[in-house]
Amino acid sequence: MPEFAHQTLALPLGEAIDGGALVQAAGFGYVADMPEALMTAYLDTFDGRVFRSGQVLIFHEKPRARILEWGLLAGSKGTRAAVAHIPRWSCDLPRGAGTLRDAIGVRVLTPVVTVHGQRRVFRIIDGLEKTVARVSTISGRIRHAEGEAEMPQLVRVEPLKGFEWAGVSIEEAITAALPNAQKVPNEFEALARVAKIDPRGYEAKLALPLEPSVPAGAAAAMLFRAAYETMVATLPGTRAGIDSEFLHDFRVAVRRSRSWLSRLKQVLDVDLLEHMKQELHWLGGVTGPVRDLDVSILLLDAYRKELPERDAGALAVLEDHILFARRRAQRRLDQALDTERFAKLIRRWPSWLTNMERASMPAAREPVIDVARGVIAKQSKRVCRQGRVIDANTPAEALHALRIECKKLRYLLEAFGPLFDEAGMATLIRGLKRLQDNLGAFQDCEVQSTALREYAHEIGAKRADTIDAQLAMGRLVERLDSRQAAEREQFVKTWSRFDNKPNQAFMKTAFGYAAKRR
Amino acid sequence: MHVLAVHSLKGGVGKTAAAVNLGYLAAASGRRVLLWDLDPQAASTFYLRVKPAAGGARRILRGKRDLEPLIRASDYERLHLLPARFSFRHADAELARQLDPGRQFRKLIRPFEKDYDLLLFDCAPGFTTLSESVLAASAHALVPVIPTPLSLRALQAVCEHLNDQKGPTVQPFFSMVDRRKLMHRSITGTPESLARLPLDSMIPYASQVEQMGRYRAPVHTFAGGCAAARAFASLWNEVEALLSHSAPVT
């Protein structure tokens, strides 16, 4: 909608102003509309994808309409459209919200802050009593997941299409009349800050400010704190089971922790190491089945597209079966997360961090750069040793084992990345990522093929009228097998892109690892 | 974007009142609405308190003038107006020179697609090259019909003509219905007449509709509870249902 971007001013907390008096004092004639109840929800994903992409997404519940407003913050005009309900997924967004849809991806949208209050609109009129601009005051309270907060009164000046001259002059007059008010370029950010919420949401990607001279024990504590914060932040979403990405990030945090435990054992207390290993192994196990089923659900659409229409239709049976199994697995996961064992793990984690900071092992007091060099060199060696012996006849298990070692290397590179040359590290991680994608696709084919065989048996045992579905699954297994073969062929290329001269040179300079050429 | 035209062969049947009130109700329901006043009498423009423009029809109809800067916001959120221009009285002469005026109109409205959910044309009365071009670009033609034999005859002519042209679907509704008149009662009350009109809503002959000229505003803003306001709301509900079952034109 070619409405012009409005200008918002926020009064200091606790101060309030009468909009009518303000407009009159600024020398404009006005008509006051009836005050209207207001419910405005500022939506974002849990990891702040809307905010981070420089956009805003607002849902207004009005007496006769539900309006969604979105747009880029950087000087662009906002767009508004009527919607039937508050959107939850990117597919619920109206046409024309493509940029926003791309930013949101597969994440669920939630109201981060919601304003419940009152809006008073003062229509600025010209000599013909035509409305040429709108000034509105918004007051109320902010609600968010943690509770409620007082909000500053907002004064909005809205210029109107075709009457921009009026908007400019009233904006100047009102800004001059409210010297204590602050200009608010992004209402969502301002309200989130008032409610003491970080508008960027939580960050699953590691970005720790590590210094080379920090003792290794303290650096380990920083890493495990980041993993703990991710787990705590994604726990409600994992329990709710509405967005598969929560569980995914939760599991990545668990896997990173397990990987660091196994590679940083020299800086950790032996008892603590064994205890954490045991508990995280258990946690990885209880979260696994739901994630496997999430992957199957996410793949269903791709499966349908691959098959002819008749076979694709038969997959409805498979979908029902997976969804049923997913619900059952989620119940089991919830039970595991409700146990005293898990509660204790979360409760004790902060004390483990203190233990790491004060660890008495000699390696824990060494500068982190030295420890990082050693562990990355060792892990690189492991990856290179396993990767170089893979050929066309190597069993699938060896590729899976290599994939796991690659993951461990990646977690180390991400954790200690800030200590090394940025460009060299980026190139190395890029090559490794490509290799992981290739190995991941190979392994997914293996896992999905096995899963489909199991589903076919389970479905066949339950119902007799599922021959079509089983045939369709058989075709899918065939396709997965041929794709797996293609991924294996691709391996030679992706491996050579990782195990190349520039990366080897960087590994030698940065970590002191010199690979022996075959 | 959905495109609707409010059109009638006859003048003074409540076209402009219907266009303005439907535009207002559509915007109140959250849609982004553009009302294009094509009638040189500029009644919609007057109702929405905007000054009509004078010249420029030729350049507009040839696609040589950007329409976006000509749009004006109304007093109501999400309702914008493309004001009437007196020079549109020469629109027929200009359009007659073009090979395919309907296509030219579709081209003219294409830029509105990204900014609006609904484009509503308030047509001048009669069958002219301009109105035929507008109808060619619209999905539905809303036709107000006064319950008199002459009006029904005119409606029949419109239906036959548009059916031949494969034009928009014709959606007539009774307008200016005066229950005190026996003829109005007998026409609107007979199954035969009702069967001819797909839209059930009937806009009454009411002083509040005439008062739109005094208040220069849609009926809902100054007499929200009156029979005419209720009738326009009912008409909008029917039109909204119609839109939900039809694909956007652009």
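Two residues are in contact if their C-beta atoms, placed from the backbone, lie within 7 Å. The legends below use the word in this sense, and they describe a predicted model.

**View 1. B:Phe232 and the largest nonpolar core.** Leaving aside neighbours within four places in sequence, B:Phe232 is in contact with B:Asn21, B:Leu22, B:Leu25, B:Ile203 and B:Val219. B:Phe232 is also listed, together with B:Leu22, B:Leu119, B:Leu120 and B:Ile203, among the residues with the most contacts inside the largest nonpolar core, which has 81 residues. Helix α1 of chain B, residues 15-28, gives the most to this core, contributing 10 residues. Another core, of 74 residues, lies apart from it and includes A:Val254, A:Leu280, A:Tyr303 and A:Phe442.

**View 2. The packing of helices α5 and α6 in chain B.** Helix α5(B), residues 101-109, packs against helix α6(B), residues 129-136, at an angle of about 60°, and the two axes are 8 Å apart. The helices are therefore oblique to each other, and their crossing is right-handed. On the side of α5(B) the contact is made by B:Pro101, B:Gly102, B:Gln104 and B:Phe105, while α6(B) supplies B:Thr129, B:Ser133, B:Val134 and B:Ala136. Sorted by class, the residues of this contact comprise four nonpolar, four polar and no charged.

**View 3. The covering of helix α6 in chain B.** Seven of the eight residues of α6(B) are buried, so that the helix is mostly covered. The buried residues are B:Leu130, B:Ser131, B:Glu132, B:Ser133, B:Val134, B:Leu135 and B:Ala136. Two of these, B:Leu135 and B:Ala136, return in the next view.

View 4. B:Leu162 lies in helix α7 of chain B, residues 149-165. B:Leu162 counts as buried because 20 other C-beta atoms lie within 10 Å, and the criterion asks for 20 or more. Not counting residues up to four places away in sequence, B:Leu162 touches B:Leu135, B:Ala141, B:Gly167, B:Pro168 and B:Val170. B:Ala136, although 26 residues apart from B:Leu162 in sequence, is 9.2 Å from it in space, C-alpha to C-alpha.

**View 5. The helix pair α12 and α13 in chain A.** The axes of helix α12(A), residues 368-388, and helix α13(A), residues 396-416, come within 9 Å and cross at roughly 155°. The two helices are therefore roughly antiparallel to each other, since angles over 145 degrees are counted in that way, and α12(A) passes α13(A) in a left-handed crossing. Among the residues that make the contact are A:Ala372, A:Val375, A:Ile376 and A:Val383 of α12(A), and A:Leu402, A:Leu409, A:Leu412 and A:Phe416 of α13(A). By class, this contact has 11 nonpolar, four polar and three charged residues.

View 6. The secondary structure of chain A comes to 16 helices and 11 strands, and buried residues make up 36% of its 518 residues. Among contacts in chain A between residues at least 6 apart in sequence, 70% join residues at least 24 apart. Where the two chains meet, 17 residues of chain B are in contact with 19 residues of chain A. The side of chain B that touches chain A divides by class into four nonpolar, three polar and 10 charged residues.

Methods: Residues are numbered from 1 along each chain as its sequence is written. Chains are lettered from A and ligands numbered from 1 in the order in which they are written. This is a predicted model: local features need pLDDT of at least 70, side-chain atom pairs count only at pLDDT 80 or more; totals for chains, interfaces and linings use all residues. Axes are lines fitted to C-alpha atoms, for helices over the stretch in contact, and angles run from 0 to 180 degrees between N-to-C directions. Helices (H or I, at least four residues) and strands (E, at least two) are DSSP runs, numbered from the N terminus. Angles under 35 degrees count as roughly parallel, over 145 as roughly antiparallel, 65 to 115 as roughly perpendicular and the rest as oblique. A crossing is left-handed if the near helix is turned anticlockwise from the far one by less than a right angle, and right-handed if clockwise. Ala, Val, Leu, Ile, Met, Phe, Trp, Tyr, Cys and Pro count as nonpolar, Asp, Glu, Lys and Arg as charged, and the others, Gly among them, as polar. A residue is buried if 20 or more other C-beta atoms lie within 10 Å of its own, exposed if 12 or fewer, and partly exposed in between; C-beta atoms are placed from the backbone. A nonpolar core is a set of buried Ala, Val, Leu, Ile, Met, Phe, Trp, Tyr and Cys residues joined through C-beta atoms within 7 Å.
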